[in-house]
Amino acid sequence: MDYPFQEQFAKDLASLKEAGTFKEFGTLSGYQGAEVTINGKTFLNFCANNYLGLAGSEMLRKAAHEALDKYGYGTASVPFICGTMNVHKELEQEVSKFLGTEDTILYTSCFDANTGLFETILSEGDAILSDELNHASIIDGVRLCKAERFRYKNSDMSDLESQLQVASGAQVAQVKLPNGTTRPRRILIATDGVFSMDGSTAKLPEIVALAQKYGALVMVDESHASGVLGATGRGSIEALGMTGKIDIITSTFGKALGGASGGFTSGRKEIIDWLRQRSRTSLFSNALAPVIAGTALYTLKNFDTLLAPARATLAENTKYFRAKMEALGFKLGGDGKHPINPVMLMDEKLSALFASKLFALGIYVRSFSYPVVPLGKARIRVQLSAAHTKAQIDTTVAAFTKVGKELGVIILPL
Ligand SMILES: *Cc1c(COP(=O)(O)O)cnc(C)c1O
């Protein structure tokens, strides 16, 4: 049946296909893991955020069954009406304990945590400084707030400082509140802890030092770092010795910490209390499903004991993959500390072709190109997991070698 603008939508879709930016979705049958099944064929999966291998694990399936029986299927309410259960409060306390923060508020995703953050704590006249490579949810959250926006170059501390000078200069003017009173302009610096396309870590000590110099708050999104970086897996903040120095932390249970869904904002007590009162993605959206909350609680409570071996394997796998790939002559991005390992191919078409040839060889990875990454910086993002065996990594490296030679990306001595 015809409907208004149908042709336009069809044309928009066709133009994506023409530009080569149309996304084909691979549909998995069965569990998420080191191996996945797509259309009846088995692939080695190197593109999940399943860093600790928990997503399809028997351990979490069991924990989830128990949580389901204990708390039921849903809350049928938003947190502030009647959707808050004991398990949510316990999980909030456990997250605070895990991160060494004062308090925590849960959301159904980190996307919601981020979109519910900025407009709740910043108003007209305030200033937000955001790294240009921050996640889409931070970008959207910043768009929703009325503060003056500053975007600084990725991890460029001199650019951040010069923008802080501008932002703090306006501080003298004070912010007029709707009730007629004034207060000093709030300044917030927002950054990903780990940048997802590069696998590089934010310069948190430098950012904190600049924040102190200019009287700004610091917000770090630890989604890719939680459970992965740091001596005890608490994230980039721990890895860089910044525990207790970050005002606001957001993160997800959808990556290393389980792989289902759910997110949170953690940090200074008064800020979290204010979010409970005013954050729209909490006030107007159902509470996190209790089965997810219960399973996340299980993961955090047992993190230091049960998951220490997985964290060690993950670090080892990352090192192993990088060493092999670099020895072959591939150029890898990132700093080598995170399981995100971009294989830099630069050319958009080459990168897409490379990924499709790997797919034909049974290796599931994705090519990322403009506009997700800058033009001329196309790459295949390889994500390691604790679930991978050395043999599976070897198979993937062999496939990269075969395709790399075929496409002239690497030249091996005869
Ligand atoms: C994945 C990710 C999110 C979104 O997390 P969800 O819980 O899946 O909504 C937010 N921020 C960053 C930096 C991420 O990598």
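## Val409 and its contacts

Set aside the neighbours within four places in sequence, and Val409 is in contact (heavy atoms within 4.5 Å) with Phe330, Leu345, Leu350, Phe354 and Gly404. This model is predicted, so local features need pLDDT of at least 70 and side-chain atom pairs count only at pLDDT 80 or more, while totals for chains, interfaces and linings use all residues. Residues are numbered from 1 along each chain as its sequence is written, and side-chain values use heavy atoms, with hydrogens and water left out.

You'll find Val409 in the segment after helix H17 (390-406); helices here are DSSP runs of H or I, at least four residues, numbered from the N terminus. Val409 counts as partly exposed because its relative accessibility is 26%; buried means under 20% relative accessible area, exposed over 50%, and partly exposed in between, using a 1.4 Å probe and protein chains only. Val409 and Lys331 sit 78 residues apart in sequence, with 9.6 Å from C-alpha to C-alpha.

## Glu94 in helix H4

Glu94 is part of helix H4 (residues 86-99). Is Glu94 buried or exposed? It's buried, because its relative accessibility is 11%. Not counting residues up to four places away in sequence, Glu94 touches Leu297, Leu300 and Lys301.

## The nonpolar cores

A nonpolar core is a set of buried Ala, Val, Leu, Ile, Met, Phe, Trp, Tyr and Cys residues joined through side-chain atoms within 4.5 Å. The largest one has 82 residues, and Leu91, Phe253 and Ile380 touch the most other members. At least three of its residues come from each of domain 1 (17-54 + 307-406) and domain 2 (60-304), with bounds from an automatic or database domain assignment.

Another core, of 19 residues, lies apart from that one and includes Leu117, Cys145, Ala147 and Leu188.

Technical notes. Helices (H or I, at least four residues) and strands (E, at least two) are DSSP runs, numbered from the N terminus.
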